[in-house]
Amino acid sequence: MACYGRRILGALNLLSADGHELKSILAQPKRVALLAYLAAVTPPRLHRRDSLTALFWPDLDQEHARAALRQALHGLRQELGEGVLVSRGDEEVGLDVERLRCDVVEFERATQERRLADALELYRGELLEGFFIRGAIGFEQWLEDERARLRTVALRSATSLAEQRQAGGDPRESAHWTRRALRIAPFDEPTLRRLIQTLDRLGDRAGALDVYAAFTQRLKAELETDPAPETAALVAVLGIAGVVLGVTLRSTPSLNAKRVLVVPFTNRTGDSTLDPLGNLAADWITRGLASTEVLEPVDPGTIVLGANRTGTGVVSDAVARARATGSGMLVSGSLYLREGQIELNAIITDVGSGSVLHPLEPVFGNPHEPRAALKVLRERITSTLAEAVDPRLGGPVQAGNPPRYEAYLAFSAGVEIFYGGRRARDALPFFQRAAALDSTYAQPLIWAAWAHGGTALDQCDSTAAIAHRLAAMSLTPLEQMQIDRVMARCRGDLAGAYALGRRLTDALPGSELMWEQLARDALDFNRPREAITILERLHPDSGVLSGRAGYYNWLTNAYHVLGEHDRELRTARRARQRFPRNLATLRMELLALSGLGRGREVIERLDEIDTLPPDPIRLPAPVMRETALDLAAHGDSAAAGIAFARTLAWLESQPAAERATADKRFERALTHYAAGNADSAHAIAAELVRRYPRDARYTGLLGTLAATRGDRAEAVRLSDVLIALERPFGRGEASYWRACIAARLGERDTALDLLARALDAGYVYQVRFLDAHVEPSFATLRGDPRFKMLLRPKG
């Protein structure tokens, strides 16, 4: 019998060797699922009966589950005939792949042999399309993972064929395969853009319009959103915007009367020291708009975002930006010096008509202490705009006082250091100075809490102290959400942080910083696909996200978690073009190459590490060790061994005083541990525990090494010590190490229970699922359905 005639890619079809449909099997969904799993699982192998019962009958006790499996296998043998199902002893069962052919296996073989057109002929749809069984969560997880993996392989194949045909001078064939790629991934905008460009080169403007129109309709109907700005911009650049199939195509979003863009006021005083005042004016006005809960500011400004901006002084540029963001209103202005006073002139423009909405009288104030003037200006602008969109809101809108100018300058400097330069420790004195200069100014404290709680410092005790101080202040709803989100992350409440991130983007839908932070929350909450969807719609090379590599870090991590290493590599190389002298972007490329099995290139790239300047977060030894771990996790043990050796050599090459620090010694111990040098790692870890007995990392590593070396009693003792070392803001760290110890002791169920507890407690190191993915102690767990379920993406 062959599965070809019977298909499991796309519509289900099961035929016997003589071409008759096996309806009796098709009528039994559990048997269909079991047969599909045995036929399609890679690599082909025999399966233990207890693993199959865990997949398909998890709710039954062992006796009844094994009885159900025997009955299902008996029914399959009756229909398939003798010899198709094979066994080894009483505990293992599988299929004879020579007697039962399956389109999934043929598809994968074709892609491996680079017969991509043949492979795509076989890919008629998703694995077991529309198929579902109840009460088999392990199988459901496997099916979802396999669907995603096979879809990625098919998309990669179609994209590769399209690129080959384009390079070979055959754009029509390229368009054919790009259309195929878009059918495989109907919401993939990079693929859509490639198809539009190809059709444009062919002169098929109508075809390009049809494709864009259909995509826009699909996006609206299924996701209730619009194409990304990059897609709209491409359509505008190619000049193919129009009306097709009743769908209005625009190069920019429709204008929203309640959406307001506030640009920094242009400094026309001739005194460059007053440049930050233009930013402060824009920030303070924007904050007032947000407080109305009716107006929708596009960009919350540096008082929320913390990114210094400069007014262009060109109204047409501001109007173009307003149109690009769908803003119906634009607030701009200028600063002048008049007889020793600062003059603030503001203009409110109706973007649709281009007319001035309302003339505003100039506001005058002290250039060294402009708070009173800023307060008056904000009340006038906010009231005017609020009344324009809803006359019932006429009258002043109160929202506190602006900060002292000196405090704002200190805060802005701290933000540049922290957000732009990624130097959290160096930024803290500036935030502290800003808070000292103005005790009512909440934003420096919120940013200080963020800096303390981030992965660079991990000082959530300090974050909690700041949150306690903020509780005594009068915060806006937006500020309260910000500090609540930071504290949720510190507590390990990743679901709470994600929910607050959603609320922040609802409150500030035009803030790319808030969307980037939501993407990070989604990624840590194990929603990498959602993180990608968010990040791909942002603008990392302009606006608030420009000048920093963090955006690319989250995007490449999300691709890595999903196993989409081709896209990961493209994004990493984009980041390296943008930041060529940056260890963080080199790390992105190394991990992508590791995922693709290109170990030789990884080893060659390691030479670049010593040529790069120091990075405030990424350090050479951890980058090399993490790369080696990823190589090992993807099966390239030879390249991993070389990378571990290079890591140890680099650590030994450091000055003696540097090698003696606890951090460097721990890094050396971790590398020896990952490389399999348990005795060397144990000697270092034992000394660290003697000196720092309250550090869960050192105790956890020592316990894991004791288990590795066969010292069960010592491993159990240290696991018990870790229970007492679990700290309020530990976010599951002690439980994670206890899971490592249990896994090394062969206690699979205990290890999985402890890992689940650690993840529930918010264990985050880089991205928590990446860490578990490469952890050497979990090597024996990776085939376990429950382990896969713990790491399976939620969205």
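Is Leu718 buried or exposed? Leu718 is buried, with a relative accessible area of 3% (buried means under 20% and exposed over 50%, with partly exposed in between, using a 1.4 Å probe and protein chains only).

## What you're looking at

This is a predicted model, so local features need pLDDT of at least 70 and side-chain atom pairs count only at pLDDT 80 or more, while totals for chains, interfaces and linings use all residues. Residues are numbered from 1 along each chain as its sequence is written, and side-chain values use heavy atoms, with hydrogens and water left out.

## Around Leu718

You'll find Leu718 in helix H33, residues 712-725 (helices are DSSP runs of H or I with at least four residues, strands are runs of E with at least two, and both are numbered from the N terminus). Leaving aside residues up to four places away in sequence, Leu718 touches Thr699, Leu702 and Gly703; touching, or contact, means heavy atoms within 4.5 Å.

## A three-stranded sheet

Now for the strands. Three of them make an open, antiparallel sheet in the order S1-S3-S2 (two strands pair if DSSP finds at least two bridges between them). S1 and S2 sit at the edges with a single partner strand each, so one side of each has no neighbour in the sheet. Helix H2 (residues 29-40) packs on the sheet and touches S1, S2 and S3, and its direction makes about 80 degrees with that of S3.

S1 (residues 47-48) pairs with S3 over two bridges, and His47 has Val93 as its bridge partner in S3. S2 (residues 85-88) is joined to S3 by four bridges, with Leu85 opposite Leu95. S2 and S3 form a hairpin with three residues between them, and Gly89 in the turn has a positive phi of about 70 degrees.

In a regular strand, side chains alternate between the two faces of the sheet. In S3 (residues 92-95), Glu92 and Gly94 point one way, Val93 and Leu95 point the other, and all are buried.

## Two helices side by side

Helices H28 (residues 637-652) and H30 (residues 662-675) have axes that come within 10 Å and cross at roughly 160 degrees (axes are lines fitted to C-alpha atoms, for helices over the stretch in contact, and angles run from 0 to 180 degrees between N-to-C directions). H28 and H30 are therefore roughly antiparallel, a term for angles over 145 degrees. Residues that meet there include Phe644 and Trp650 in H28, and Arg668 and His672 in H30.

How values were computed: Angles under 35 degrees count as roughly parallel, over 145 as roughly antiparallel, 65 to 115 as roughly perpendicular and the rest as oblique.
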